[in-house]
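Please look at the chain on the screen before I go through it.

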Amino acid sequence: MKTVKTIGIVIGVLSVSVLSINAVQQPNRVEEPNKTNVNSTISEKSVAETYRIKALPVPEKASFAGESAPLNDPDVYERLDRELLVNTYWQSNALLLMKRANKYFPVIEEILKEEGVPEDFKYLAVIESGLTQAVSPAGAVGFWQLMEGTGKEYGLEINDNVDERYNIEKSTRVASDYLKKAKERFGSWTLAAASYNAGQYGVDKQLGRQKVSGYYDLLLGEETGRYVFRILALKEIMNNPEKYGFDYQPDDLYQPVPVKKVKVDTVVKDFPDFAEKFGINYKTLKIHNPWLRDDHLKNASRKAYYISIPEEGYYPAVK
């Protein structure tokens, strides 16, 4: 009996302890969800107050290569509005394009001027490749996305050793030749730009079929239908970055690296060794000469090539 009483006392003490612990812990279980809800509400309000997605004003005027876009046409207005929205709110991509443009536009602009092609065509290179040495699934290559057949037709060397579609200067001249011929055929730089995407035959066929004479009157497939509008939008945004919310300083942009041209008319057995002679590594050599497609140059014909070597002081010294 005494044992039973002792057991009863122990059980009672334990029960009181458990109830006390529960009583102490219970408020915490109630308060925690409330705390989370408060923070969640504050977080939601902060996002709404600090990040606003605004409609963009479509410019009153827009033109490409001196040819005006008819923004009084509701369809033209809406298509330009779409591209302005897409490219403005894809902020990381647009800012990268601006950074790269500072590095590469001077090279492209000079060649376009020499070739008699309007400067606005530099934006065609932007939408084609993002100013990178891109390779498309169809095999188009470089800043101007030239196909192998087109490159060879316009005199570029393309093989396993050398692919001049990756040469910015030479590919810009090829693109210029194509565009001048297209302008002569269509009488319009805007249609010439569209034909760069759809082909001259494709544009000509649609003009005849639809009985119209201008790009903005054509009903085209998705890609070509957006093509010129993407150019117009990027031209507008890149020329007015602050208007579209982009905030950067000149030092934030990628800077061009001056180079000297070294003539090579012999076999080069090893480009890493070749690069070392000029105080650079193989990686730097390839950055400035992406058209060199291998680590050596066969050059059995003893053709003269001009290899770009960056001026001293722009890259770390090779040890």
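I shall begin with the chain as a whole and then turn to two residues.

Please bear in mind that this is a predicted model. The protein chain contains 11 helices and four strands. Of its 319 residues, 39% count as buried. Its accessible surface comes to about 18900 Å², and 53% of that surface belongs to carbon and sulfur atoms. As for contacts in the chain, if we take those between residues at least 6 apart in sequence, 62% join residues at least 24 apart.

Which helix holds Ser 195? Ser 195 lies in helix 7, which covers residues 189–198. Is Ser 195 buried or exposed? Its relative accessible area is 0%, and since buried means under 20%, Ser 195 is buried. Setting aside residues up to four places away in sequence, Ser 195 touches Tyr 178, Ala 182, Phe 186, Gln 200 and Val 203. I would also point out Leu 179, which is 16 residues from Ser 195 along the chain; the C-alpha atoms of these two residues are separated by 8.4 Å.

The second residue is Asp 247. Asp 247 is placed in the loop between helix 9 (222–239) and strand 3 (259–264). Its relative accessibility is 70%, and because exposed means over 50%, Asp 247 counts as exposed. Which residues form the negative surface patch here? Asp 247 forms that patch together with Glu 242, Asp 251 and Asp 252.

Conventions. Residues are numbered from 1 along each chain as its sequence is written. This is a predicted model: local features need pLDDT of at least 70, side-chain atom pairs count only at pLDDT 80 or more; totals for chains, interfaces and linings use all residues. Side-chain values use heavy atoms; hydrogens and water are left out. Patches are made of residues with over 30% relative accessible area and no salt bridge: like charges are joined within 9 Å, nonpolar side chains (Val, Leu, Ile, Met, Phe, Trp, Tyr) within 5 Å. Accessible areas come from the Shrake-Rupley method with a 1.4 Å probe; for residues, only the protein chains shown count as cover. A salt bridge is a side-chain nitrogen of Lys or Arg within 4 Å of a carboxyl oxygen of Asp or Glu. Lys and Arg count as positive and Asp and Glu as negative; His and the chain ends are not counted. The place of a charge is taken as NZ of Lys, CZ of Arg, CG of Asp or CD of Glu. Helices (H or I, at least four residues) and strands (E, at least two) are DSSP runs, numbered from the N terminus. Buried means under 20% relative accessible area, exposed over 50%, partly exposed in between (1.4 Å probe, protein chains only). Contact means heavy atoms within 4.5 Å.
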